[in-house]
Amino acid sequence: MKFFVDTAHIEEIKKALAWGILDGVTTNPSLVAKTGRRFDDVKREILDLVKGPVSLECTKMDFDGMLAQGLALAAEGPQVVVKLPLTREGIAVCKALSDKGIKTNVTLCFSANQALLAAKAGATYISPFVGRLDDISEDGMALIADIVQIYRNYGFKTQVLVASVRNPVHVLKAAKIGADVCTVPFGVLDQLFNHPLTDRGNEQFLKDWAKVPE
Ligand code: G3P
């Protein structure tokens, strides 16, 4: 399973890159707004740092506007993945961009039928939001299992990108189901390292090492 970090904060991306386990980055308008910076500046810095896929989201909602925005974003670098909403216009733009060989990520997916539409439109990635489904007492990870099964049934190439991840259990379940990608907030990525027995064991090894004669 590939790990993307779900952030527009440059420092978080730098830290995750330094760990050597980062495959890509996803952003959205809310994450960009949280930085308090201009989108153009944030986008340039991310694209200068990250060679793997970087999802940048369209904010125009009409077909022509979204297509023009998607084409402009794609021209920013070979690693750009154009993020599109799961609307009628978003799916139509997905088809148009996919036909041109441009990578796309269809976002705000909350049902398996929506994921089917994205795959038929040639999306590179589908982003089902597990945390937001859990928030309304639905089972976000059950949706991932359904989409993975449906895509396998028909041999769709669209990659399942688990989004709206809130905790390490989401990551574990995504990997067990066989999702292609998990996009993880920096804090959750950091949590994946933790185990009390690792810390305790390491402390003991270092104490014992200090007793070894030079
Ligand atoms: O990038 C989309 C997604 O990961 C948003 O997550 O926590 O705002 O539901 P969240």
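In this predicted model, helix α1 (residues 10-18) packs with helix α3 (residues 39-49). The angle between them is about 10°, and their axes lie 10 Å apart. Helix α1 is therefore roughly parallel to α3, since angles under 35 degrees count as roughly parallel. On the α1 side, the contact is made by I10, I13, K14 and L17. On the α3 side, V42, E45, I46 and L49 take part. By class, this contact of α1 with α3 has 6 nonpolar and 2 charged residues, with no polar ones.

The largest nonpolar core has 59 residues. Within this core, V82, I126 and I147 touch the most other members. Helix α8 (residues 140-154) supplies the largest share of the core, 6 residues. In soluble globular proteins, nonpolar side chains tend to be buried together.

The surroundings of I126 can be listed in detail. Leaving aside residues up to four places away in sequence, I126 touches L86, N105, V106, C109, A115 and A118, among others. Its contacts also include I147, Y151, T158, Q159, V160 and L161.

A second, separate core has 5 residues. Among them are F4, V81, Y125 and V181.

The cysteines were examined next. The count of disulfides comes to 0. For C58, the closest cysteine sulfur is in C94, and the separation of 11 Å is too far for a bond. A disulfide would need the two sulfur atoms within 2.5 Å. C58 counts as buried because its relative accessibility is 2%. C94 is in no disulfide either; the nearest cysteine sulfur, that of C58, is 11 Å away. With a relative accessible area of 0%, C94 is buried. The cut-off for buried is under 20%, so both values, 2% for C58 and 0% for C94, fall within it.

At the level of the whole chain, the secondary structure comes to 11 helices and 8 strands. The C-alpha trace spans about 70 × 40 × 30 Å along its principal axes. The chain has 214 residues, and buried residues make up 45% of them. Among contacts with a separation of 6 or more, 57% are between residues 24 or more positions apart.

Definitions and conventions:
Residues are numbered from 1 along each chain as its sequence is written. This is a predicted model: local features need pLDDT of at least 70, side-chain atom pairs count only at pLDDT 80 or more; totals for chains, interfaces and linings use all residues. Side-chain values use heavy atoms; hydrogens and water are left out. Axes are lines fitted to C-alpha atoms, for helices over the stretch in contact, and angles run from 0 to 180 degrees between N-to-C directions. Helices (H or I, at least four residues) and strands (E, at least two) are DSSP runs, numbered from the N terminus. Angles under 35 degrees count as roughly parallel, over 145 as roughly antiparallel, 65 to 115 as roughly perpendicular and the rest as oblique. Contact means heavy atoms within 4.5 Å. Ala, Val, Leu, Ile, Met, Phe, Trp, Tyr, Cys and Pro count as nonpolar, Asp, Glu, Lys and Arg as charged, and the others, Gly among them, as polar. A nonpolar core is a set of buried Ala, Val, Leu, Ile, Met, Phe, Trp, Tyr and Cys residues joined through side-chain atoms within 4.5 Å. Buried means under 20% relative accessible area, exposed over 50%, partly exposed in between (1.4 Å probe, protein chains only).
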